[in-house]
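Here are some notes to read alongside the model, for someone opening it for the first time.

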Amino acid sequence: MLEFRNISFSFPGRRGPVEVLRDVSFTCAEDEIVAVIGPSGCGKSTLLSLAIGLRKPTAGEVLLDGRPVKGADRRLGMLFQQTTLLPWRSVLENIELGLEIRGELKAQRRKRALALMQQYGLAGFERKYPHALSGGMQKRAALAQTLAIEPTVLLLDEPFAALDAQTRVVIENDVVKICRAGKRTMVIVTHDIAEAISMADRVVVLSRRPATVKQIYQIPLSRKAANVADVPSMQEFTYFFKSIWDALDISVTGMSAAA
Amino acid sequence: MTRLSHRPLVILGRLAVLAIILIGAELGVRYGMLSQLFFSSPSQIFEALLTQWSNGSFLQDAGITILETMLGLAAGSLLGMGIGLLLPQLRLLSSVFEPFLMVLNGIPVIVIAPLFILWLGLGVPSKIGISVYIVFFAMFIPVYTASLRLDTTLVDALRVMGASRSQIFWKVIVPSSLPSVYTGLKIGSGLALIGAVIGEFVASRAGLGHMILYASGTLDTPTLYLGILTLAIFAAALSLTIDALGPVLVHWRFSDEK
Ligand SMILES: Nc1ncnc2c1ncn2[C@@H]1O[C@H](COP(=O)(O)OP(=O)(O)OP(=O)(O)O)[C@@H](O)[C@H]1O
Ligand SMILES: [Mg+2]
């Protein structure tokens, strides 16, 4: 279980510290998918960087199975919002990277990487370099890279934003299945309310910066549906969508005030 | 890039320009339109080559300058690359040394050359020293600045995967510096030759720089031209060789396929 306990975080700024997160608490159990949704720039990516130990919270702690996380925990896997594929490695070599770092044998990691490429529609691009891939393909390659090491806790920062609608549904389904089948813990950051409702068991809504937890919704739909694409046509969907929309407070005046 | 259909025309044009220069110089000097003091005909230059060749000094002079250049380039590049990559890893040392390195880099080679002659003597080592000195900075500066501006998300991503410091160094920091290494080699290869020749100009007993200086002092214009031409041909060959290294060093920028 991953637990964010009273997390506060400030970046040191030139004109004093910039408060990004204020007393954020929520948990993500094993076999649970939690979606984090909030306005742009509110601190979602920062929250994930705290979870993987890249930064230390100013106050509070992130606990994994009851113990504070330190950097480079083998149980954690992270898909960054920015592309992290190494430009000088072919797609195949990139997907193998995590396994290579863990010292796995070449034949084994190659086999696993090739299987993942097949699964994520990247077959035929093994020897290409990342810059020769479309944005959506790069995202899929990065996802394959993250999944290759089979982490038990998966943190995904806007993983599907660059994908077309059809591919998106396929991969969303896939990710949900991976999480449920392997008893994994998963936190997905997203801007897409429908995606949050379709995939997650719980949705955490953050406020504008400094981000506090505005609301946490228990969503029973994802587990009931056979396919994430079925969720939007379920009865309660509209209710949740409306509630989260209201909680996010995406008013036109609010947007211009933030800008 | 020249278009494919233009290619034969371009080559023909280049050959024509070369022919005009050669024939023009030959006829101009032979019939007295160009002074023999200031110009030499291709046949005179060839004659000078034969003389220099037969007494063994041509191969010796050319060989020495090429040796100085290549050793200066190799040692200076390796040193510049090594320090450029390692210094940013050691924040404290890097802040301490930075101003010293910048001041050293600002000194023109021509004034530092006599010092190297003083330290290392009239022979080959002092020329290599001067060459190393300028090549070092040509390599160090781009590599160092690139390492300082390294994309930290890539490092973060590897760290999360559990990479050790040395794995991050070899898998991210070194490869991301390769485009700068290539830039450093391109600039450094030209400077290596300049360093060697400047050293020979300041004080030497052999080398193409010495040959040129001696020919100039004795008003031996054909030998002067021979030296310049030999240097030009070597410089061009060196630059072509370095260009050919591009697809090896920064393979991912040169091809989509492997
Ligand atoms: N390294 C940093 N130094 C200082 N401030 C930072 C740094 N990184 C992010 N910030 C600031 O912290 C805030 C939160 O950034 P973060 O990237 O976590 O937002 P986000 O919720 O992920 O936004 P988005 O949805 O657009 O990705 C932003 O206002 C940003 O300007
Ligand atoms: Mg973000």
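**Notes on the salt bridges, the metal site and the interface**

1. Let's start with a pair in chain A: Arg202(A) and Glu32(A) form a salt bridge, with their closest N and O atoms 2.8 Å apart. This pair ties together distant parts of the chain, since Arg202(A) is in strand S9 (residues 202-206) and Glu32(A) is in the loop between S2 and S3, 170 residues apart. Both Arg202(A) and Glu32(A) are buried. For the terms: a salt bridge is a side-chain nitrogen of Lys or Arg within 4 Å of a carboxyl oxygen of Asp or Glu. Buried means under 20% relative accessible area, exposed means over 50%, and partly exposed is in between (1.4 Å probe, protein chains only). Helices (H or I, at least four residues) and strands (E, at least two) are DSSP runs, numbered from the N terminus.

2. A word on what you're looking at. This is a predicted model, where local features need pLDDT of at least 70 and side-chain atom pairs count only at pLDDT 80 or more, while totals for chains, interfaces and linings use all residues. Residues are numbered from 1 along each chain as its sequence is written, chains are lettered from A and ligands numbered from 1 in the order in which they are written, and side-chain values use heavy atoms, with hydrogens and water left out.

3. Over all chains, a search of the whole structure turns up 23 salt bridges. Another one to look up is Asp31(A) with Lys183(A), where the closest N and O atoms are 3.8 Å apart.

4. While you're at Lys183(A), check the backbone: its phi is positive, about 50°, although it is not a glycine. Asp65(A) is another non-glycine with a positive phi of about 50°, and you'll find Asp65(A) in the loop between strand S4 (59-64) and strand S5 (67-68) of chain A. There is also a cis peptide bond between Arg209(A) and Pro210(A), with omega about -5°. Pro210(A) is in the loop between S9 and strand S10 (213-218) of chain A. These are worth a look because most residues other than glycine have a negative phi, and most peptide bonds are trans.

5. Next, the metal. Which residues coordinate the magnesium ion (ligand 2)? They are Ser45(A), through OG, and Gln81(A), through OE1, at 1.9 to 2.1 Å. Ser45(A) belongs to helix H1 (residues 44-51) and Gln81(A) to the loop between strand S6 (76-79) and helix H2 (91-101), 36 residues apart. Ser45(A) is partly exposed, with a relative accessible area of 28%, and Gln81(A) is partly exposed at 35%. Donors here are N, O and S atoms within 2.8 Å of the metal (3.2 Å for Na, K and Ca); water is not among the atoms, so the site may look incomplete.

6. Now the interface: 21 residues of chain B are in contact (heavy atoms within 4.5 Å) with 28 residues of chain A. The area buried between the two chains is about 2200 Å², and carbon and sulfur atoms give 67% of it. Buried area is the accessible area (1.4 Å probe) that two parts lose on being put together, summed over both.

7. Across this interface the rule finds one salt bridge. Glu100(A) and Lys171(B) form a salt bridge, with the closest N and O atoms 2.5 Å apart. On the chain B side, the elements giving two or more residues are helix H7 (152-160), helix H8 (165-202) and helix H11 (251-254). H7(B) gives the most, with seven residues.

8. Glu100(A) also meets Arg109(A) in a salt bridge (3.9 Å, N to O), and both Glu100(A) and Arg109(A) are buried. A network of salt bridges links Arg89(A), Glu96(A), Glu100(A), Arg109(A), Arg110(A) and Lys171(B).
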